[in-house]
Amino acid sequence: KFRARPFVSRACVRVLLFKMPLEAVMVCMDNSEFQRNGDYSPNRLIAQRETINHISLSKTESNQESTVGLLTMGGRAKVLCAPTRNLGALMSELKEVKIQGQCDFVAGIKTAQLALKNRQNKNQHPRIIVFVGSPIEADTKALEKLGGQLKKNSFAVDVINFGKENAQNTNVEKLEAFINKVNNESNSHLLNVPPGPHILSDMVISSPILGNASHGGAGMAVPSSGGANLSNGGGVGAADNTEEALLAYALRISMEEARDAQQRPEESKEESKAEPMAEEKKDEAKKEDQKMELEGVDDDADEEAELARAMALSMAMDDEDEEAEEKEAGGETGGGGEVDDEILQVFKEEAFIEDLIDSTGVQKDDIDIQKILDFNEKDEGKKEDKDKGSK
Amino acid sequence: AGKPVTRRKKTHKRSTKMAEDFQDLQEFLDRKNHEALNAVKQTPLANVLFGKDRDDEKKILKSDSDEQLLITVNFNTVVKLKAIQITAPTDCGPSSVKLFVNPGNLDFDGAEDEDGTQEIELKPDDLKSGAKPIRLKFVKFQKVSNLSIFVPGNHDEAEETIIQSIRFFGPSPIIEGSKPSLAQQKAASQGDWLN
C-alpha cells in the first residue's frame, strides 16, 4: 500500500544541520546632518532605521545566541544599546535617534570595537555593521591602519556606503582600502548603494551582508559559507521564510538524489528512472484499481465489457512502461522497505557519520557506533516482518 | 672490631616525586576552547597544542597580518604551572612571550600595555626541540584555569612568527590516595558525560 515517508538524503541532512555562526553584532548608525537628505524616502535616517530593523531580526533569528547592539556616530560616538537579544530595547533606542553633528568614522569603529571587546560570551564572533551616509574625513592611511587592527583582533566588518554624494566622492576608494585590510577570507563586505528609486533595506537584505549571494536572491540561493539565510526581498516577514526556503531547497536536493539513487539498483527496470517514487506508487495503486474493475466487469453486460476493454487499450497505448514498472513494483515488499534501506545506507557511510558527530562536539572514539546501528537494524527487521505478516 | 656498616639502598623517592611534579598537562587542556588571534586560518592553534605529529614541520602556527600573536588556552581543571616549553624555528620563532594568568578580555592593545604575570625572554636555544622547559615563577601560577600568551615579536624581525609546539608542565592536578581510583579521576576530569 502507498505510504508517504519523508525521504532524507545525505546532502539535505547536512544542510539542515548547518547553523549560521553565532555573532555579536554592533550596528553603527550615521545620524549626522547629512541624514536629513531625502534621496532615500522619506529621509536617510528613516531608511537606516528600517534597515537596522531587518538586520537585527535577521541576525537574532539566524542563530539563537547571536546578539545585536547599536551606537550612533554623529557628534560624539555613543553606545545606545549594548549587544543584546532583546529586540524591543534595541528598537526603542533606535526610534529615539536624533540627527546631530558630524560623523567620525574612526571614532565610531573604535567605540564599537570596545563595546564588543567586553561581550559576555567569548564564543560569539564580533562583527561591526557600519552605515556611511556622509563623507569620511579620515584619510586612507588611518583607515588602513584601523582595518589592520580589526583584522588582527579577528573582527568582521560590513560597510554600507549610501547617499548621492558618497557614490562619487573619495568614500568609495577609502572604504575599499579599509575593507581589503579587514577582510579575512570573505567575512567582511562593502556595499555601495547608488542613488536611485530602490529602498535601502531591500538592497541590504539581498546583499552578502545578510547571507545572500550578490545581485539579489533570484530563485533559491545556495547556502554559502556565510550562512544559510535565504529570504525574499523586502517585507517584514522576510526572515520567517528562511526555514521554509531551506527545507524546500533540502527537499529538492533529496528528490534529485532519490532519482539518481534509483538509477543504480534498477538497471533491470526499464523506464521508471525519471519518475519519483511517490508518482510511481500512485500509478501502481491506480493500475490495481483498474485491474479489479476489469475482472468484475466480465460478468456484466457486453456493453460494459467493451467499454472496459476500450479503456484498457487506451491505457496500454498511453503508458506502455507503466505496465512493466507495475509488474516489477508489485513483486517487491512495497516501496516502504526501500526507503528504510536507503536511510540506513546513508548512515552507514563513514564520512557522513563523522560529520554528524563532529557537529555535535562528541569525541568519535567514545561512542560505539556499530552498537547503535545494529540496534536500529534489529528494530527495522522487526517492523518489516510485521508488515509482511499483515499483508 | 665494630659491626659492619650496612648501607641502606637509597630509595628513589625524591625522583619519583619530581616526576609527578613535572607532568605534561596536555590532557587538561580544553580541546574546544582555545583561540589564537592574528593566526593564519589554515594553521590553527590545535596544530601546536594537540596531535601526535605536533613536532612535525607542517603542523605549525603562523601569524597573519604582522608578527604578533595572542594565544589563549583554557584548562579543564584548575592547574599549577611550573614550566612552559615552546618549540619554534630559531629565526622566526618568538623572541619573548608575556604570560597572563586568568585574563579577562584581552586584545592586542591590552596585551602590550599591561604587565603580564610573567615576561620571558626566549633565546634561540630555548626554541629548539627537546630544549629544557623554561621554569616559571611557580608562586604566581597556582590557580590557572586559562592562560594568555602574547608574542610581541620574533628573532629575525620577520613578517611572520612561526611556532611549532607549546607544552605546559606542572604537578598533576589529580591527588593520589583520595577515594576514587586514579583512573576514575582522570576520566572525570575529561568530562563526566563521556563515561
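Which residues are linked with E23(A) in a network of salt bridges? The views below start there. This is a predicted model, in which local features need pLDDT of at least 70, side-chain atom pairs count only at pLDDT 80 or more, and totals for chains, interfaces and linings use all residues. Residues are numbered from 1 along each chain as its sequence is written, chains are lettered from A in the order in which they are written, and side-chain values use heavy atoms, without hydrogens and water.

**View 1. A network of salt bridges in chain A.** E23(A) is linked with K59(A), R127(A) and D158(A). A salt bridge here is a side-chain nitrogen of Lys or Arg within 4 Å of a carboxyl oxygen of Asp or Glu. R127(A) and E23(A) meet at 2.7 Å, N to O. R127(A) lies in strand β4 and E23(A) in strand β1, so the pair ties together parts 104 residues apart in sequence. Both residues are buried (under 20% relative accessible area, with exposed over 50% and partly exposed in between; 1.4 Å probe, protein chains only).

**View 2. A salt bridge between E33(A) and R36(A).** Their side chains meet at 2.9 Å, N to O. E33(A) is partly exposed, at 39% relative accessibility, while R36(A) is exposed, at 52%.

**View 3. A salt bridge in chain B joins R167(B) and D24(B).** Here the N to O distance is 3.9 Å. R167(B) is buried because its relative accessible area is 16%, and D24(B), at 24%, counts as partly exposed.

**View 4. The side chain of N38(B) and its backbone neighbours.** N38(B) is buried, with a relative accessible area of 5%. A polar atom of its side chain lies 3.0 Å from the backbone nitrogen of S65(B), and the backbone oxygen of Q68(B) lies 2.8 Å from a polar atom of that side chain.

Technical notes:
Polar contact = N/O pair within 3.5 Å; in protein donor to acceptor, adjacent residues only side chain to side chain. Helix = DSSP H or I, 4+ residues; strand = E, 2+ residues; numbered from the N terminus.
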